[in-house]
Amino acid sequence: MKGFLLFIPALLFPYLTAALVLCLFFGGGVIDTLFSGTIWCGVALLILYFFVSLICTIVNVIRNIAVGCEARLCALNSMILKLSQIPAYITLFVIGLGCLLTIFTFGISFTLVLFDCMAILLSGVAAVPAVVNGAREVKLTMAEAVVSGILGFVFCADAVCAVFVYMKIRRAAGEKEGGG
């Protein structure tokens, strides 16, 4: 997939978050072995990974907009990114819901909300080239581009919006090429 390589860190972020939390509860000696017995080292590494992912995503967004990457390809990349993160979000939701059941793990739920927001920021930024280039190529109206750009940062609506943008751009590309 052309232009997707720098989105891979953003794709992996929610999975790494889920893996860290699962290691906390079910990992046994994993926390001791990897993070010297403290979860805070893992959290610090995850935050560092977020910033690396954000830089990679921003670089890719700038490149895709500046070079004028085809809107259909940008929309496909955005859709793949958002749809492939759904299992991680479901896992994080179930873990967060379970952590709300006891006062001792209540703080973990709030931390997971923070990491979910960080993940949605990454995938929302990654969706920007699809709507910008879609509007530039006149495959999306300006209103559709603005609404889709905003919905790219909203939980659940982002995946639905990514599919909508891809289908709309693909349909518009098919009509201009004379196909369907």
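Student: Which residues does Asn 133 touch, not counting residues up to four places away in sequence?
Tutor: This is a predicted model, so keep that in mind. Start with the place: Asn 133 is found in helix H7, residues 128-136. Leave out residues up to four places away in sequence, and Asn 133 touches Asn 64, Ile 65, Gly 68, Cys 69, Ala 71 and Cys 74.

Student: Is Asn 133 buried or exposed?
Tutor: Buried means under 20% relative accessible area. The value for Asn 133 is 1%. Asn 133 is therefore buried.

Student: Which residues in H7 are buried?
Tutor: Asn 133 is one of them. The list for H7 is Pro 129, Ala 130, Val 131, Asn 133 and Gly 134.

Student: Where is Val 138, and what is its phi?
Tutor: H7 is followed by Val 138. Val 138 is found in the loop between H7 and H8. Its phi is positive, in a residue other than glycine. The value is near 60°.

Student: Is Val 138 buried or exposed?
Tutor: Exposed means over 50% relative accessible area. Val 138 has 60%, so the term for it is exposed.

Student: Which loop holds Cys 156, and what is its phi?
Tutor: Cys 156 sits in the loop between H8 and H9. It is exposed, with a relative accessible area of 65%. Cys 156 is not a glycine, yet its phi is positive, at about 70°.

Student: How many salt bridges does the structure hold?
Tutor: Start with the general idea: side chains of opposite charge can pair when their charged atoms come close. The cut-off here is a nitrogen of Lys or Arg within 4 Å of a carboxyl oxygen of Asp or Glu. The number of salt bridges in the structure is 4.

Student: Which helices hold Glu 144 and Lys 168?
Tutor: The side chains of Glu 144 and Lys 168 meet in a salt bridge, 3.2 Å from N to O. The pair ties together parts that are 24 residues apart in sequence, because Glu 144 lies in helix H8 and Lys 168 in helix H9.

Student: What is the distance between the closest N and O atoms of Arg 72 and Glu 70?
Tutor: Arg 72 is partly exposed, with a relative accessible area of 28%. Glu 70 is partly exposed too, with 35%. They form a salt bridge, and the distance is 3.6 Å.

Student: How far apart are the C-alpha atoms of Val 147 and Val 131?
Tutor: Val 147 is found in helix H8, residues 142-151. Its relative accessibility is 46%, so Val 147 counts as partly exposed. Val 147 and Val 131 are 16 residues apart along the chain. Their C-alpha atoms are separated by 9.4 Å.

Student: Which element gives the largest share of the nonpolar patch?
Tutor: The nonpolar surface patch covers about 960 Å², with residues including Leu 83, Ile 86, Phe 106 and Met 167. Helices H5 (86-99), H6 (106-126) and H9 (157-177) each give two or more residues. The largest share is 5 residues, and it comes from H5.

Student: Where does Ile 86 lie, and what is its relative accessible area?
Tutor: Ile 86 belongs to the nonpolar patch. It lies in helix H5. Ile 86 is partly exposed, and its relative accessible area is 35%.

Student: How many helices and strands does the protein chain have?
Tutor: Read the pattern along the sequence: α-α-α-α-α-α-α-α-α. The count is 9 helices and 0 strands.

Student: What percentage of the residues of the protein chain count as buried?
Tutor: The C-alpha atoms fill a box of roughly 60 × 30 × 25 Å along the principal axes. The accessible surface comes to about 9400 Å². Of the 180 residues, the share that count as buried is 44%.

How values were computed: Residues are numbered from 1 along each chain as its sequence is written. This is a predicted model: local features need pLDDT of at least 70, side-chain atom pairs count only at pLDDT 80 or more; totals for chains, interfaces and linings use all residues. Side-chain values use heavy atoms; hydrogens and water are left out. Patches are made of residues with over 30% relative accessible area and no salt bridge: like charges are joined within 9 Å, nonpolar side chains (Val, Leu, Ile, Met, Phe, Trp, Tyr) within 5 Å. Accessible areas come from the Shrake-Rupley method with a 1.4 Å probe; for residues, only the protein chains shown count as cover. Helices (H or I, at least four residues) and strands (E, at least two) are DSSP runs, numbered from the N terminus. Buried means under 20% relative accessible area, exposed over 50%, partly exposed in between (1.4 Å probe, protein chains only). Contact means heavy atoms within 4.5 Å.
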